[in-house]
Amino acid sequence: MAAVQIDVKYVAHLARLSLTPEEEVKLSAQLGNILGYIEKLRELDVTNVEPTAHAVPMVNVTRADEVRPSLPHEDALRNAPKQGGGLFIVPKIVE
Amino acid sequence: MLNQLTISELTAKLARREVSAREATQACLDQITRVDGQIHAFLSVNPTDALAQADAADKLIASGAKGSLLGVPLAVKDVLAVKNQPLNCASKILGNFISPYDATAIEKLKAAGAIIFGRLNMDEFAMGSSTENSAFGLTRNPWDITRIPGGSSGGSAAAVAAQECIASLGTDTGGSIRQPAALCGCVGLKPTYGRISRYGLVAFASSLDQIGPFTKDVRDSAILLGAMSGVDPRDSTSVPQPVPDYAAGLTGDIRGMKLGLPKEYMVDGLDPEVKAAVDAAVKKFTELGAEIVEISLPHTDYAVATYYIIATAEASANLARFDGIRYGARVDGADPIELYSKTRGAGFGPEVKRRIILGTYVLSSGYHDAYYLQAQKVRTLIRNDFLKAFETVDAIVTPTTPTAAFKAGEKSDDPLQMYLSDIFTISCNLAGICGVSLPCGFTKAPKLPIGLQLLGKPFGEESLLRLAHAYEQSTPWHREKPVL
C-alpha cells in the first residue's frame, strides 16, 4: 500500500475550497494513504467490462411538458445570504 | 409510556380512542427533555409545531378520517427537506436555511397522517460512520454513552433506541442506515435504489443515496416503506414498480426460502462475539425452515476502494452548489471565485473537505480513467456478483458490522480505518440492491447490540422483510431496551 503524492493546493483550487497551510499538510498525508489503498483496484482486469453509472439502468425518462406550480419568488429568495430588488446580490464579475 | 410503542401498537390505540396523538407526541417530547441532554440525537425540536400537528391529527381521528400513520410522531435526519423546518445537514455552510418545500417522502408521510417533528443529528452531509463529523456535536450511543451510535444517521438510530420518537427516517449511501441501526439495536432498512424518491433529499452521492426507516420492529419498517415508496415525476431515478402491501407480506412462513452465506464476509477483524451471534442467527433460520447455501461474492475485497472513488466523485459535483450565492452562509471575497473558496473553506468540516478533494482529484484531467472509470467498471463486477448469487438464493445473510459500537474518538484520526468499518454494508449500495439490519444479540461486557444484515434482490423488499420478521418474532432481541 504505497502512499501516493497528490497536489492538494491545485486540487483545492479546482474545487474552489480555501484550505489553511495546516489543512493542506494533513490532507496531503491522509489522501496519500487513502489513494494508496485505492490502488488495489488496478489488480483487476476490467478489459471488456462496461462501466456502471447507475445500478438501475433506465433511459430517456421523460414526463409530460406541462406547466406546474413552482417555488414562489419570495420563497426562493428567503434563504439568500444577500438579496435586493427581488434578486441575489453577488460581487461584481465584469468591470 | 406511549413513546415506547411501535407504530402498529400506537395506531391501534389511536383507532380505539384509548390515547390521543397529543398524548403520544407529548410523551416523545418528555422523553427528549429527560434523556437527550445525554444522547444529543436531536439538533432541534419545535414542541409547539409538533403539538399543533398532533392536535390536527386528533381532530381528523375524531372526524373518522383514516390514515396508515395518522397521529404517529416521526423524527427526521437533518438531510431531508420538511417545509418550514430548518435543514442544515449538520453543517455550518447552510447557515439558517429553512426548507421552502417538502421532500416527496415527507409529503407522502404527511398525507398518511404522520406528525413530522425534530431534526436528527448526523455526520456532516452524511459523510461518516460515527456521527462525530457533525458540526454541532457528538451523538451518544444509548447503550453506552462513551460510545458512538454509528453513522451517518447516528441521531436517527439513537432517537429510536432511546424511545424519543416512535420511528425515524435516515439515509443510506454506504451503510448509513444499517450500520447505526446495528450499533443502536434497532431495525434499519435501505430500500432498493429507486424505490423511494430522492426529491428533497440533499444529495451526497446520487447513484448510491436512498431514504429509509429506523424502527423498533420489522413490521413498522414494512409500514413506513409502503408509505414512502413509488415513482415520482420529480425524481427521474425513481422506478415505476408497483408497491406491494409490505406489512401483509409478513406471514412468518419462510419454509423453503434459500439464504446465501458469503464466504468472503468471514474476514479477519470480525469480532468473535459478532460471529457467534450471526452463526446462531443462521441456525435459527434453518430451524424456521430456510435452507442455507454457501455462496461467493468474489469482488467483496474491492468494494471499499470502489465506493470511496465513486461516492467522493459524485459528492464533489453535488456539493459544488454550496457556494454562498443562493442560500446558506457566505464569506465575502473580492471576486466570485474568492467568495466561493472562502465560503466553502469556512463552511465545510474536515471530512467533507477530505472527500471533496479526493472526489475532485479522481475526476480531474489525467486521472479520470485511472480512478473513476476503473471504479465504475469494478462496480459492474460487484453488481454482477450479487445478481449471480441471487440466481440461486432469495437473500444473503451477513453481519452488519465487524464489531459492536466503538468508543468516541477511537477512529476519528484515521479516516481509512473509519472507512473500513463499512466493509459489510458498502457493496449493497454499489449493487443497488436492498438490505436490512436487525438485532441478533448482544456482546457480554459491556452489553452492546449486534446487528444481522440481510441483503435482498432489487425490489425484493417483500421477501427480505418476511425473512427478517420471521427471525425477529422467534428471538427476544428486539424487545430489549437500553436503560437511561
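The model is predicted: local features need pLDDT of at least 70, side-chain atom pairs count only at pLDDT 80 or more, and totals for chains, interfaces and linings use all residues. Residues are numbered from 1 along each chain as its sequence is written, while chains are lettered from A and ligands numbered from 1 in the order in which they are written.

Let's start where the chains meet. Here 43 residues of chain A are in contact with 58 residues of chain B (in contact: C-beta atoms, placed from the backbone, within 7 Å). On the side of chain A that touches chain B, α1 (8–14) and α2 (21–38) each supply at least two residues; α2(A) gives the most, with 8 residues. Helices are DSSP runs of H or I with at least four residues, strands are runs of E with at least two, and both are numbered from the N terminus. The table sorts this side of chain A by class.

| Class | Members of the class | Count |
|---|---|---|
| Nonpolar | Ala, Val, Leu, Ile, Met, Phe, Trp, Tyr, Cys, Pro | 29 residues |
| Polar | the others, Gly among them | 6 residues |

Finally, helix α5 (residues 154–161) of chain B is mostly covered, with 8 of its 8 residues buried. Just after α5(B), B:Gln163 takes a positive phi of about 60°.

Conventions
Two residues are in contact if their C-beta atoms, placed from the backbone, lie within 7 Å. A residue is buried if 20 or more other C-beta atoms lie within 10 Å of its own, exposed if 12 or fewer, and partly exposed in between; C-beta atoms are placed from the backbone.
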